[in-house]
Amino acid sequence: LILVALFTALSLPFIPYLQEDLFTKPSKYFFRNELESDKNFPCIDDGDRVKELQRILQSVRRDLLEAAKRLEVTNADFQDAEKKLSVKRVELEELESELTSLRLVQKELRDKRNVPLMLPLLPPPRNQSFDKIIPKDTAFENAFDFSKCSIAGGFPLYLYRPTFNASLLTRRFYEVFRNMKEATTSPTSACIFIAFVEDNMKISELSFWRSGTNHVLLNFGKSDIKSPENAVVVSSVFDMKNYRKDFDISLYLNLQNRDINDWKSLPNLLPYEREYLISYEGFLEDFLRKQLEQISFSCISSNDTSFFKTNCSTIPFSLCGNADDRASTLKDSMFSLIFEAPLLDSSEQFHLRLWESLKYGAIPVVLSLKAVFPLHDFIDWSQAALQFPLQRLPELHFILRSISVADILEMRRQGRFLLENYFLNVEGVVSNAVVGALRKRVGVPGGFFEVSPAKPLFGNSYFAEKTQYLSNIPFDKEYLGPSEAPHNSPSFFHNFTALQKYSYNLWNAVGISLGGSPEFLPFDPPFPSNFEYDEGAAFGFRPIAPGSGAEFSAAIGGNRPREQFTVILLTYRREAVLVAALERLANMPYLNQVLPPSDRVWPKLHVPVLFIKSEKNSLNNRFIPYSEIKTEAVLSLDDDVDLKQHEIIFAFRVWREQRQKIIGFPARYHAKYDNQIYYNSNHTCQHSMILTGAAFLHKWYLYLYTYHMPEVIRMKVDEYMNCEDIAMNFLVAHVTRQPPIKTTSKWTIRCPMCSEMLSQDETHFTERHECIRFFSEVYGYNPLLFSQFRVDSVLFKTRLPPQHQKCFKYV
């Protein structure tokens with residue numbers, strides 16, 4: 001027993017060491033026992049106890065390091081899971097948004113009244129029994145075989161080759177026709193047969209004559225065509241009662257080929273005042289000559305000047321002098337008198353006088369109600385010429401003096417507009433006048449600008465291979481609209497209304513006579529306001545519920561069906577700036593897709609991002625109407641422009657109500673200093689331009705800019721690498737005669753990230769001064785119009801009761 005007690009007493013201090021050997025992680029309990037044992041057994045050396053505590057401390061440190069490593073791994077796994085969860089949440093939101101949109105689309109498609117119709121391949125064939133019912137006469141609808149011209153057949157034109165001794169003018173027209181896409185060498189598939197007729201030509205001997213059915217005869221002879229039967233005659237000469245209204249086409253054909261500098265031969269609209277109020281050169285009978293003498297006396301008494309030269313020939317109504325002499329007189333005349341030969345329906349001298357008057361800016365005053373104006377079925381000549389009966393000649397001076405300055409300048413402008421688009425050269429007469437008129441009469445749409453698809457940047461793909469979701473999605477506290485799947489604007493819905501309803505505007509305001517098949521039109525009418533609440537739901541309307549704030553943002557409204565916009569993002573070798581620009585578009589409502597013109601990772605947006613490779617480095621690329629643009633609304637945006645999403649959405653809503661105008665943010669204006677026009681970017685109380693680096697415009701204007709605007713303007717843009725925005729403002733103002741609209745208070749947009757900008761060049765403003773002056777010379781006037789207001793949302797700066805919200809928080 002004594003030995004056992006002695007062994008126990010000696011072994012108690014060493015029990016903790018045995019425990020440490022058995023357990024790698026000593027607990028506080030064991031450590032406390034060790035300290036207590038030290039108190040009971042003071043025989044243990046203090047140095048040993050310190051060493052033991054140090055050893056324990058090292059052990060605890062090892063355990064903490066291992067735990068920290070395991071915590072780091074756990075945190076990394078957690079962060080990775082959070083990232084994946086964030087991505088999945090975004091994907092889920094996209095799917096939910098798309099599902100919601102698809103449900104609405106499904107509801108629209110289920111409506112049987114909204115079924116899209118397919119065009120027939122051919123119109124109903126004509127048969128003998130049907131032909132017997134229709135009376136045979138000289139009316140166009142009874143003489144023309146419409147079964148040869150399918151509405152989907154492309155309007156093929158078969159050309160008879162001119163004879164070997166044909167005139168240079170005839171061959172000139174033939175070559176222009178031959179280069180048209182409608183030209184065909186197959187007579188069996190032809191819709192219309194074009195023949196070029198000169199004096200003494202026997203038209204009945206044409207190979208496919210068939211009494212002239214579906215034939216068009218271009219008369220280059222000096223005399224009228226006898227017995228054209230069912231053929232349409234295009235000529236400036238028609239004998240008495242030979243012109244068939246709504247059948248033949250009266251047109252001046254003695255023209256030259258198009259020259260890129262044709263505009264240089266045309267005088268400017270200004271100055272308003274000219275030396276002569278009215279002029280006339282040509283032989284007249286005595287009673288008319290005496291009447292002109294009375295007008296001269298009346299002009300002198302009113303401090304007006306007239307120029308009448310009536311003794312230069314013995315042939316009634318013949319022209320005097322040469323073309324240069326007449327041009328000199330007309331350039332100095334505000335009005336020019338034109339008499340029509342009494343024994344002709346249409347005469348060469350009438351058309352030549354009319355053509356020269358338009359070319360030199362003298363407003364034609366036609367003293368005949370029976371005079372046949374060129375393309376009178378399609379062109380509104382009351383906007384460019386005056387027409388009175390001959391009996392009004394004694395009162396003419398009083399009538400002309402009563403016309404306002406604004407009316408005179410507008411008629412002068414419209415006269416030049418018609419000349420440049422339809423009568424100035426062979427190409428205009430062929431493509432716009434003749435073919436356009438025939439398309440409208442036959443009722444075959446087509447002939448619109450054909451746009452080749454854009455070239456993808458990444459081989460055969462528009463989409464970048466390396467994309468990633470944004471780690472820091474731009475967050476806007478303001479709710480701006482519902483998420484939607486991409487929705488394209490309905491296209492080519494005006495194929496036949498362009499031939500009818502919109503024909504007047506296309507011919508007389510735009511200068512396009514091709515008659516149909518525009519992808520979109522900016523001037524289609526709005527719906528009745530109550531339509532969106534009832535039947536409109538099946539046609540894509542999203543009416544705004546009563547209220548403000550959230551109710552307003554939840555729907556697009558606007559008396560039009562839902563639609564989205566495409567962003568054309570102009571960029572050049574600034575990938576970091578481009579990435580930032582794309583990130584700012586993330587999750588933006590009503591966005592359809594983005595078209596920015598590298599082997600790197602691009603941000604993945606909620607809509608497609610198409611990278612387009614341009615043919616050349618040109619600012620004109622901004623306005624190419626790529627077939628990949630599927631919406632009417634286009635947001636033209638520079639990559640260095642920092643716009644907030646609420647600003648963009650507000651401007652989009654404004655554009656939906658003002659579709660014919662440019663709607664945007666930075667505004668500029670033009671001003672006159674020391675007899676010169678200058679471009680000005682200073683703050684002012686009126687503006688005449690919107691910079692297209694941040695502006696909404698209709699895709700229609702991209703077509704006009706690329707294919708209809710004078711080519712010399714695009715060349716000037718390339719020469720300066722500048723002014724494309726000024727050119728677009730000139731074009732839209734010229735076509736619409738309306739100013740652009742500025743939205744919000746933004747005047748200047750800066751880019752802190754941009755180390756290089758075109759606007760930083762020392763010659764930037766000098767070039768823009770020159771552009772305004774040059775474009776004004778090309779158009780013959782400055783079409784820009786001033787506006788003295790900007791647009792903000794309805795409740796902007798309005799004090800509201802606590803229970804109401806504003807439409808937008810900041811605009």
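The structure holds three disulfides, a disulfide being a pair of cysteine sulfur atoms within 2.5 Å. This is a predicted model: local features need pLDDT of at least 70, side-chain atom pairs count only at pLDDT 80 or more, and totals for chains, interfaces and linings use all residues. Residues are numbered from 1 along each chain as its sequence is written, and side-chain values use heavy atoms, with hydrogens and water left out.

**View 1. The disulfide of C149 and C191.**
C149 is joined to C191, S to S 1.7 Å. The link is right-handed, with 90° about the S-S bond. It ties together distant parts of the chain, 42 residues apart. C149 lies in the loop between α6 (140-143) and β1 (157-159). C191 lies in the loop between β2 (183-184) and β3 (192-197). Helices (H or I, at least four residues) and strands (E, at least two) are DSSP runs, numbered from the N terminus. Both C149 and C191 are buried. Buried means under 20% relative accessible area, exposed over 50%, partly exposed in between (1.4 Å probe, protein chains only).

**View 2. The disulfide of C312 and C320.**
The sulfur atoms of C312 and C320 are 1.3 Å apart. The torsion about their S-S bond is about -40°, so this disulfide is left-handed. C312 counts as partly exposed, at 32% relative accessibility. C320 counts as buried, at 1%.

**View 3. The disulfide of C723 and C771.**
Here the sulfur atoms of C723 and C771 are 2.0 Å apart. The link is right-handed, with 90° about the S-S bond. The pair connects distant parts of the chain, 48 residues apart. C723 sits in the loop between α19 (711-720) and α20 (724-736). C771 sits in helix α21 (residues 764-779). C723 has 0% relative accessibility and counts as buried. C771 is buried too, with a relative accessible area of 0%.

**View 4. T329 and its contacts.**
T329 belongs to helix α9 (residues 323-331). At 11% relative accessibility, T329 counts as buried. Leaving aside neighbours within four places in sequence, T329 is in contact with Y276, S279, E281 and F307. Contact means heavy atoms within 4.5 Å. The side chains of T329 and E281 make a polar contact (3.2 Å). A polar contact is a pair of N or O atoms within 3.5 Å; within protein, one must be able to donate a hydrogen and the other to accept it, and residues adjacent in sequence count only if both atoms are side-chain atoms.
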